[in-house]
Amino acid sequence: MVILGAGPAGLVLGNLLLAGGVGCVVLERATRAQLGARQRAGFLAANTVRTLERHGLAEGLLRDGRTHTTCEFRTEDGRFRLDYSSLGRGEPHTVYPQHLLVGDLLTQYLNAGGQILFGAEAMAVQGAAGTRPVVTVRDGDGRPGRWHGRYVAGCDGRHGAARRSLPPGAVRRHRLDHGVSWLGLLAEAPPSLDAVGYAVHERGFAGHMARTPEVTRYYLQCERGSSAEDWPDDRIWDELALRMRADRYGPLRRGPVLDRAVVHLESDVLEPLRHGALFLAGDAASLISPSAAKGANLAVLEAELLALALIDDLRHGTPEGLEQYSARCLEHIWRAQEFSRWMVRLLHSDPGTDGSPPFHDRLRRSRLASLRTSRSCQDWFADHYVGV
Ligand code: RFL
């Protein structure tokens, strides 16, 4: 079994396959140091934590992760808080930075005797329609190589070799451009509030998410086409303070900006998530906007489904799980996509295609008002906000 990519999807899959007695190799383009330094997600759903716990992969996050229960909305109509852990199914998030999770998964994989090649870039998956697909690779010095397996798992993200190797017409790609860009940044500063902060302002959206006691992630909606260089530290902090209404609700705790990048909010879903012997999981299967923090959670869920199905097929000769893999994942993916789109429209005015921005803006305010006042809307929100 050949796994492309050592992100959350590839490493959960690798660990579960090893535990299930299926041999595999992980091919990872980055070096080990690069992998450990890539800070991305942080909010893990209760279901994700249970999944990792079930397979003995949650020791680090249970020890060092922090429970998170509340979000705060700051709008032109005032401020309100939702303790989502006491709404709906009543579940919290666990905040545990993705690079720490990836580090834990990697350590466990290696300790279990797992094989991984760093600096090995998969170039293409060939012969996926047959029973012995081949992955061509190039190592850090440009030397070519080839890996065979009964199956290949494409866990190498949206720009990986798995997607590129799909022949035209083999799968459909459904795509949505949300029409919004965010500057995502990590600041070496403690969180400024004990909640996820969502600020809706006439100058654009601003978001606040705790990562660790020393590091906080912020988002700032920015002009399409703007670049990270347009945003020096002072401009970032002044704009965050304005949009988060720091004068009214309390100052932000400032610090040096460690990392900044412009993210254009887009989503896509591939259908089906399989071409012959090639299976897709994580961002390679579906890209989801970061508005609802679902990407890493979906990656873990899909990796578990794929691992159990592969073990059933390869160890017990039962192929049904593999046949159902795509349909089962797509059900979760589309629900997450729907909620993520709803979040975008809660936090941004949809420019619309019908020339009536003020109408869409009133709809956004009305959505927020429902969330502020309606218990059933809050229960629905909590279930979708935390669940995958
Ligand atoms: P990854 O993590 O991108 O890992 C893919 C791995 O494949 C390697 N690779 C290759 N290896 C070999 N050959 C090739 N040709 C290769 N091409 C690529 C890469 O080096 C990499 O190591 O994909 P995976 O495993 O599917 O995991 C997906 C998640 O990383 C992603 O969905 C999340 O980070 C999304 N996301 C969030 N998700 C959450 O659940 N909660 C969050 O709070 C959250 N916050 C975020 C996020 C994504 C963000 N960005 C990057 C837009 C915040 C941000 C800013």
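Start by selecting Arg-245: at 9% relative accessibility this residue counts as buried (buried means under 20% relative accessible area, exposed over 50%, partly exposed in between, with a 1.4 Å probe and protein chains only). Before moving on, note that this is a predicted model, where local features need pLDDT of at least 70, side-chain atom pairs count only at pLDDT 80 or more, and totals for chains, interfaces and linings use all residues. Residues are numbered from 1 along each chain as its sequence is written, and side-chain values use heavy atoms, with hydrogens and water left out.

Arg-245 sits in the loop between helix H7 (233-243) and helix H8 (246-249). Helices (H or I, at least four residues) and strands (E, at least two) are DSSP runs, numbered from the N terminus.

Now select Ala-293, another residue other than glycine with a positive phi, near 55°. You'll find Ala-293 in the loop between strand S20 (286-287) and H9, and with a relative accessible area of 35% it is partly exposed. For background, most residues other than glycine have a negative phi, and most peptide bonds are trans.

That brings us to Glu-271 and Pro-272, which are joined by a cis peptide bond with omega at about -5°. Pro-272 belongs to the loop between strand S17 (257-271) and S18.

Step along to His-275, in strand S18 (residues 274-275). Is His-275 buried or exposed? At 18% relative accessibility, it counts as buried. Setting aside neighbours within four places in sequence, His-275 is in contact with Ala-128, Ala-129, Leu-166, Pro-167 and Ala-170; contact here means heavy atoms within 4.5 Å.

**Salt bridges**

How many salt bridges does the structure hold? There are 27, a salt bridge being a side-chain nitrogen of Lys or Arg within 4 Å of a carboxyl oxygen of Asp or Glu.

Pick Arg-50 and Glu-91 to begin with: their side chains meet in a salt bridge at 2.9 Å, N to O. Arg-50 is in helix H3 (residues 46-54) and Glu-91 in the loop between strand S6 (78-83) and strand S7 (93-95), so the pair ties together parts that are 41 residues apart in sequence. Arg-50 is partly exposed at 38% relative accessibility, while Glu-91 is buried, with a relative accessible area of 15%.

Next, select Asp-194 and Arg-81, a salt bridge whose closest N and O atoms are 2.7 Å apart. This pair links distant parts of the chain, with Asp-194 in the loop between strand S13 (172-187) and strand S14 (196-199), and Arg-81 in strand S6, 113 residues apart. Asp-194 is exposed, with a relative accessible area of 59%, and Arg-81 is partly exposed at 40%.

Then go to Arg-375 and Asp-379, where the closest N and O atoms of the salt bridge are 3.1 Å apart. The two are four residues apart in helix H12 (residues 375-386), which means they are separated by about one helical turn. Both count as partly exposed, Arg-375 at 48% relative accessibility and Asp-379 at 21%.

**Helix against helix**

Two packed helices are described by the angle between their axes and the distance between the axes. Axes are lines fitted to C-alpha atoms, for helices over the stretch in contact, and angles run from 0 to 180 degrees between N-to-C directions.

Show helix H11 (residues 357-373) with H12: they pack at about 95°, axes 6 Å apart. H11 and H12 are therefore roughly perpendicular to each other (angles under 35 degrees count as roughly parallel, over 145 as roughly antiparallel, 65 to 115 as roughly perpendicular and the rest as oblique). To see the contact, select Ser-370, Leu-371, Arg-372 and Thr-373 of H11 with Arg-375, Cys-377, Gln-378 and Phe-381 of H12.

Now show H3 with helix H9 (residues 295-316), packed at an angle of about 40° with axes 9 Å apart. H3 and H9 are therefore oblique to each other. Their contact is made by Asn-47, Thr-48, Thr-51, Leu-52 and Arg-54 of H3 and Asn-297, Val-300, Leu-301 and Glu-304 of H9.

**Last stop**

Finish on His-384 in helix H12, partly exposed at 25% relative accessibility. Leaving aside neighbours within four places in sequence, His-384 is in contact with Lys-294 and Phe-339.
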